[in-house]
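These are my notebook entries on one structure, written for a reader who has not seen it before. I set down what I looked up, entry by entry, beginning with a single side chain.

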Amino acid sequence: MPTERQVSERAVVFLIGAVQFVNILDFVMVLPLGPDFGKGLGIASSHIGTVGGAYTAAASVAGLAGGYFLDRFDRRKALAVCMLGLVLATAAGGLAVGLSSLLLARVAAGLFGGPATSLSLSVIADVIPVERRGRALGAVMGSFSVASVVGVPMALKLAEHGGWRLPFFVVAALGALVVLGALFFLPPVRGHLKEGGGPARTAGVLELLSRSEVRLSYVMTAVVMMASFVLIPNISAYLQQNLGYPRDLLWLPYFIGGIMSFITLRVAGPLVDKLGAFKVVVGGAVLLLGTTYVGFVDYPHWMPIPLLFVLMMTSMGLRNVAYNTLTSRVPDSSVRARFMSLQSAVQHMAAALGAFLSSRLLTDLPDGRLGGMEHVAWVSMGMTVLLPVVLWSVERQVLEREQARGLGVSPGPGLPGPLATGSDPHG
């Protein structure tokens with residue numbers, strides 16, 4: 001990767017982790033705050049999933065569009081533009097006066113946040129060689145844990161003392177600082193461009209989708225996201241309205257679960273590098289099945305809520321690192337942003353479908369509880385069962401392609417292989 005200045009792998013991972021922290025926090029804080037802004041804006045609890053779905057649906061559209069042009073630009077500059085748009089949209093969310101204006105703000109956030117995610121992962125995959133990529137992705141994905149440990153509890157506390165609008169403004173301010181940091185300290189990422197500055201020869205979208213490992217990778221992404229987001233948007237309301245968990249302690253399970261997630265992600269990356277994605281994802285899926293059943297189908301009232309979050313964050317951490325590491329091996333550098341933009345589109349559309357489906361399955365009962373959570377849980381569990389099967393197929397095909405490349409058989413542009421010639425894995 002030609003650069004104007006030398007930056008270590010560790011520095012790049014830290015900067016991308018900071019970008020992802022703001023990006024993820026902007027998304028994950030909205031759902032726990034649902035009951036708060038629901039009361040403030042008169043939004044029913046069963047419709048909170050629609051607010052989350054608006055973001056993910058918009059991010060999906062942006063991912064589809066980005067697949068046609070993101071590989072034409074220096075990834076650093078494109079990432080800065082996306083993050084600036086996200087900052088403005090987040091601030092607009094704090095100014096919402098009703099459901100319509102809040103949905104509009106979240107749509108705008110999704111239009112910029114979705115491409116920011118795919119660009120962030122593209123930078124990591126361009127800079128970090130495959131033998132260390134699992135560890136690097138685990139570190140970057142640790143931003144989710146930090147958002148849970150620090151960000152979500154902070155947002156809940158800010159909303160408790162300053163109203164539900166305050167967290168939106170604070171996250172927007174943090175995002176502005178991160179944009180400046182990325183512009184000044186992140187190196188240019190142009191290894192995917194030809195010498196004249198334009199895009200190198202890449203596979204087109206239809207050509208990319210014609211490959212079975214690409215299609216299976218997108219199916220795997222859809223399974224993961226639907227399993228998660230049919231459930232996640234409703235957890236905060238479920239805890240408070242069905243299990244009677246106090247609002248002033250809501251930060252605690254997110255804090256404890258986030259700490260466990262951070263530990264899990266740090267361990268999961270090296271495990272994937274050593275054992276392979278399939279073995280790690282099977283362990284995560286089995287744990288997640290048990291946790292979902294116990295937490296949302298037949299909850300034992302002796303179980304502390306923070307323990308439920310510990311189990312959930314651990315299982316999701318194992319699953320997510322395994323599948324993200326595997327998908328990073330499907331394309332090569334020249335089409336990585338295009339591949340990941342389309343993956344982001346699939347990812348966010350599946351999340352939107354999951355969130356919208358949950359709003360159809362749930363009802364607001366007369367006593368204030370959410371009805372239908374057990375149905376939502378069973379849908380999530382069904383998706384979780386499918387994941388190891390699809391992931392095994394993807395991993396097998398990726399290994400076959402890599403072996404073909406190692407034997408000197410050219411699999412064509414966009415297929416798995418080493419980083420593009422001219423890239424510097426050490427930044």
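**Entry 1**

I began with Arg-106, which counts as buried at 1% relative accessibility, where buried means under 20% relative accessible area, exposed over 50% and partly exposed in between, with a 1.4 Å probe and protein chains only. Before going on I noted that this is a predicted model, in which local features need pLDDT of at least 70 and side-chain atom pairs count only at pLDDT 80 or more, while totals for chains, interfaces and linings use all residues. I also noted that residues are numbered from 1 along each chain as its sequence is written, and that side-chain values use heavy atoms, with hydrogens and water left out.

Which residue forms a salt bridge with Arg-106? I found Asp-26, with the closest N and O atoms 3.1 Å apart; a salt bridge here is a side-chain nitrogen of Lys or Arg within 4 Å of a carboxyl oxygen of Asp or Glu. Arg-106 lies in helix H5 (residues 99-127) and Asp-26 in helix H1 (residues 9-28), so the pair ties together parts that are 80 residues apart in sequence. Helices (H or I, at least four residues) and strands (E, at least two) are DSSP runs, numbered from the N terminus. Asp-26 is buried too, at 0% relative accessibility.

**Entry 1: the other salt bridges I looked at**

By the rule above, the count comes to 5 salt bridges. One of them joins the side chains of Arg-247 and Asp-36, at 2.6 Å from N to O. Arg-247 lies in the loop between helix H10 (235-241) and H11, and Asp-36 in helix H2, so this pair ties together parts that are 211 residues apart in sequence. Asp-36 counts as buried, at 18% relative accessibility.

I then turned to Glu-160 and Lys-157, whose side chains meet in a salt bridge at 3.8 Å, N to O. Both residues lie in helix H6, 3 residues apart, which is about one turn of the helix. Are they buried or partly exposed? Glu-160 is partly exposed at 36% relative accessibility, and Lys-157 is partly exposed as well, with a relative accessible area of 32%.

**Entry 2: helix H2**

The buried residues are Gly-34, Pro-35, Asp-36, Phe-37, Gly-38 and Leu-41. Just after H2, Gly-42 takes a positive phi of about 70°.

**Entry 3: Ser-217**

I next looked up Ser-217, which has its place in helix H9 (residues 212-229) and counts as buried at 0% relative accessibility. Not counting residues up to four places away in sequence, Ser-217 touches Thr-327, Val-330, Phe-339, Gln-343 and Val-394, a contact being heavy atoms within 4.5 Å.

**Entry 4: aromatic rings**

I counted on the listed total of 8 aromatic pairs in the structure. Trp-164 and Phe-168 form one that is edge-to-face, with 5.9 Å centre to centre and 85° between the planes. For this, rings of Phe, Tyr and Trp (its six-membered ring) pair if their centres lie within 6.5 Å, and planes under 30 degrees apart count as stacked, over 60 as edge-to-face and the rest as tilted. Trp-164 is buried at 10% relative accessibility, and Phe-168 is buried with a relative accessible area of 0%. I also noted that Phe-27, Tyr-55 and Phe-229 form one aromatic cluster.

Which helix gives the most to the nonpolar patch? It is H11, with 7 residues, while H6 (130-162) and H11 (251-275) each supply at least two. The patch has about 670 Å² and includes Val-146, Val-150, Phe-255 and Val-267. Patches are made of residues with over 30% relative accessible area and no salt bridge, with like charges joined within 9 Å and nonpolar side chains (Val, Leu, Ile, Met, Phe, Trp, Tyr) within 5 Å. Val-267, in helix H11, is partly exposed, with a relative accessible area of 43%.

**Entry 5: the chain as a whole**

Last, I noted that the secondary structure comes to 15 helices and 2 strands, and that 59% of the 427 residues count as buried.

Note on methods:
Accessible areas come from the Shrake-Rupley method with a 1.4 Å probe; for residues, only the protein chains shown count as cover.
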